[in-house]
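Subject: Handing over the structure

Dear colleague,

I am passing this structure on to you, with the sequence and the coordinates placed just below. After them you will find my notes on what turned up when I went through it.

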Amino acid sequence: MGRYFEAKVTGNNPLNNKTCILTIEPLGPVTSPEPGQFYMIEVGGPYDPLLKRPFSYLKQTADSISFLYAVRGKGTSLMKTFMEGKIIKIIGPLGNGYPLPPENCAPLLIAGGTGIASIYSLAEKLPTKACVFYGAKCKNELFVMDDLKNIESESFICTDDGSCGEKGTTVEVLENYLIRTPKLETRNLIYACGPKPMLEAVSKIALEKGLKGYVSLEENMGCGFGACLGCAIKVRNKEQRAKGRKNKVAGAEFVYKRVCKEGPVFPIEDIIWET
Amino acid sequence: MDLTVDIGSLKLKNPVMTASGTFGYGEEYAEFVDLNMLGAVVVKGISLEPMQGNPSPRICETACGMLNAIGLQNVGLKRFLKDKLPYLKNLDTKIVVNILGKNIREYVRLSKSLDDAGVDAIELNVSCPNVKKGGIAFGTNKKILAKLITKVKQSVSNATVIVKLSPNVSNIPDFAKTAEDSGSDAISLINTIPGMAIDIETRRPKLANIIGGLSGPAIKPIALRMVWEASGAVKIPVIGVGGIVNADDAIEFMLAGATAIQVGTGNFPNPRATSDIIEGIQLYLKRKSIHDIKKVIGSINRLVL
């Protein structure tokens with residue numbers, strides 16, 4: 001059916017009063033997604049809301065794909081009203097997912113809030129068990145905890161208010177872990193998905209400790225498949241660095257990359273954080 | 001059933017074209033649409049030197065549409081000719097290259113190179129500020145617009161020259177006539193309409209650039225009105241663009257006087273919008289027992305006017 005296909009809603013289950021899991025079944029054969037890839041989902045229209053909404057997938061089975069979403073605005077409010085049997089149009093899988101870690105690597109998976117969706121999709125696929133750091137505001141906002149138990153090795157759960165796991169932020173928990181881990185292996189790879197401030201803090205720590213890894217970003221999207229350039233963000237210009245800066249081209253330190261096409265996953269050291 | 005339309009000496013197999021800036025350089029849509037089926041592919045606007053574009057956020061959705069401040073990001077003429085054009089020339093559709101410049105000299109250089117490279121048509125983006133005349137957009141000053149079009153026409157031997165009019169003028173027929181009198185082979189309208197949006201939680205503009213261009217169904221009535229006015233003022237073909245998302249929209253524009261139409265923002269939620277529209281136009285012609293699409297052009301019922 002290609003990457004633009006129709007699917008039937010087979011489930012739209014609320015986990016709390018704001019967050020739900022949407023499950024869809026494509027009406028024909030589709031490409032299987034890789035962890036970290038996303039889909040553009042029709043939420044209404046055809047005139048309003050005009051655009052489809054991007055969501056990383058949570059799980060895939062032989063005939064279904066599921067998404068974790070939180071109601072934030074117009075589009076997600078409409079998604080909450082989807083009934084079983086509704087047919088919607090979807091584009092995907094899109095973007096570049098997480099590069100799988102090499103065999104000898106010990107991946108550190110870091111998720112904040114609904115970022116657990118794409119991190120979970122990665123954790124499920126890893127050949128070796130990973131170390132997961134997962135934080136949310138409170139116990140009510142931690143999701144897929146049972147599924148996580150089945151797949152990860154060490155897990156560090158935390159909540160801002162201490163209602164579940166450690167009291168603190170994901171970043172604090174990660175930092176403490178790294179401090180008390182004596183021989184920090186450079187084979188540890190970081191994979192992070194969550195709110196932007198969390199990703200920025202995680203990247204900073206990683207770079208300080210000489211760790212490499214990837215973050216999954218999000219951005220307002222128009223088309224979602226690389227044509228409109230609406231989701232482009234500044235990324236370090238590697239080619240210019242490699243050339244030894246011979247040409248003093250204005251703005252040569254960065255290039256714009258599309259979060260929907262070159263991303264949403266980017267190497268930690270490439271992101272230019274602008275807060 | 002004859003779907004062909006003529007834009008000057010350029011014969012399109014059907015009236016459905018793509019709108020510059022929404023279709024990349026064509027390839028991005030190849031997996032969704034058979035590009036060979038389209039009347040024409042109009043690519044992202046090309047400048048002499050590559051342009052990076054604006055910081056993010058570059059877009060935001062608004063009621064029945066969206067704002068964009070992409071910032072004219074494009075690969076520049078050299079890379080376009082080398083990396084993008086070969087793919088496009090292999091397609092069995094007309095290739096229209098939209099161009100933009102800081103001054104007339106740049107437009108002329110771009111036109112010459114693209115004409116030499118054998119593109120079918122060049123579409124002039126005249127919504128860019130004119131650097132020489134202190135930031136006035138080419139498309140809002142009749143004298144400058146006339147000079148620009150004249151110089152471009154002088155530099156081109158084969159390519160059809162289309163001028164894409166800005167909606168930011170008080171009198172569309174005047175600017176349409178200016179384009180025609182200066183030798184433009186056709187005009188296309190409209191480009192996006194400046195707008196803005198504010199996030200009330202952060203109290204910041206939703207776009208980093210503050211102001212962006214509004215597109216989508218929200219602007220269709222304005223675009224349609226301007227196409228109607230322009231068609232009444234000139235004899236050269238008028239290409240209608242602005243909020244066309246389905247065949248009904250396309251037919252409205254043709255009834256108002258458009259010889260061809262461009263689909264832009266409509267491609268984002270529906271990457272197959274262009275082919276859906278071609279099919280829809282065919283169904284309309286069948287239903288109305290019309291055998292030649294050209295009969296629809298400007299055939300708005302004048303008995304009631």
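I begin with a pair of helices in chain B, where α4(B) passes α5(B) in a right-handed crossing. Please keep in mind throughout that this is a predicted model. The axes of helix α4 (residues 172–181) of chain B and of α5(B) come within 8 Å and cross at roughly 50°, and the two helices are therefore oblique to each other. On the α4(B) side the contact is made by B:I172, B:P173, B:A176 and B:K177, and on the α5(B) side by B:M226, B:E229, B:A230, B:G232 and B:A233. Sorted by class, the residues of this contact are six nonpolar, one polar and two charged.

Helix α5 (residues 220–233) of chain B also packs against helix α6 (residues 247–256) of chain B, their axes coming within 8 Å and crossing at roughly 25°. Angles under 35 degrees count as roughly parallel, and α5(B) and α6(B) are therefore roughly parallel to each other. Here B:K220, B:L224, B:V227, B:W228 and B:S231 of α5(B) meet B:D249, B:E252, B:F253 and B:A256 of α6(B). The residues of this contact divide into five nonpolar, one polar and three charged.

Another helix pair in chain B is formed by α2 (residues 104–116) and α3 (residues 142–155), whose axes come within 9 Å and cross at roughly 30°. α2(B) and α3(B) are therefore roughly parallel to each other, and α2(B) passes α3(B) in a right-handed crossing. From α2(B) the contact draws on B:I104, B:Y107, B:V108, B:S111 and B:K112, while α3(B) supplies B:K147, B:L148, B:K151, B:V152 and B:S155. In this contact of α2(B) with α3(B), five residues are nonpolar, two are polar and three are charged.

Turning to chain B as a whole, seven helices and 18 strands are found in it. The radius of gyration of chain B is 18 Å, close to the 19 Å that the globule rule gives for 305 residues, so chain B is as compact as a globular protein of that length. Taken along the principal axes, the C-alpha atoms of chain B fill a box of roughly 50 × 50 × 40 Å.

Chain A, for its part, has six helices and 16 strands. For its 275 residues a compact globule would have a radius of gyration near 19 Å, and the 19 Å of chain A agrees with this. The C-alpha atoms of chain A fill a box of roughly 50 × 50 × 35 Å along the principal axes.

Within chain A there is a division into domain 1 (4–94) and domain 2 (106–218), and the C-alpha centres of these two domains of chain A lie 25 Å apart. Where they touch, 14 residues of domain 1 of chain A are in contact with 12 residues of domain 2 of chain A. On the domain 1 side, the elements that give two or more residues are β4 (53–56) and β6 (65–70) of chain A, and β6(A) gives the most, with four residues. The residues on that side of domain 1 divide into nine nonpolar, four polar and one charged.

The two chains also meet, with 27 residues of chain A in contact with 31 residues of chain B. On the chain A side, the largest share, three residues, comes from strand β14 (residues 232–236) of chain A. That side of chain A has 15 nonpolar, seven polar and five charged residues.

Finally, a few points of backbone geometry may be worth a look as you go through the model. Most residues other than glycine have a negative phi, and most peptide bonds are trans. In chain A, a cis peptide bond joins A:G92 and A:P93, with omega about 5°, and A:P93 is placed in strand β7 (residues 87–94) of chain A. In chain B, a cis peptide bond joins B:S56 and B:P57, with omega about 0°, and B:P57 is placed in the loop between β4 (40–46) and β5 (59–62) of chain B. B:R203 is not a glycine, yet has a positive phi of about 60°, and B:R203 is found in the loop between β14 (198–199) and β15 (204–205) of chain B.

With best wishes

Notes:
Residues numbered from 1 in each chain as written. Chains lettered and ligands numbered in written order. Predicted model: local features only at pLDDT ≥ 70, side-chain atom pairs only at ≥ 80, totals over all residues. Domains from an automatic or database assignment. Contact = placed C-beta atoms within 7 Å. Nonpolar A, V, L, I, M, F, W, Y, C, P; charged D, E, K, R; others polar. Axes fitted to C-alpha atoms, helices over the stretch in contact; angles between N-to-C directions. Parallel < 35°, antiparallel > 145°, perpendicular 65-115°, else oblique. Left-handed = near helix turned anticlockwise from the far one by under 90°. Rg over C-alpha atoms; globule rule 2.2 N^0.38 Å.
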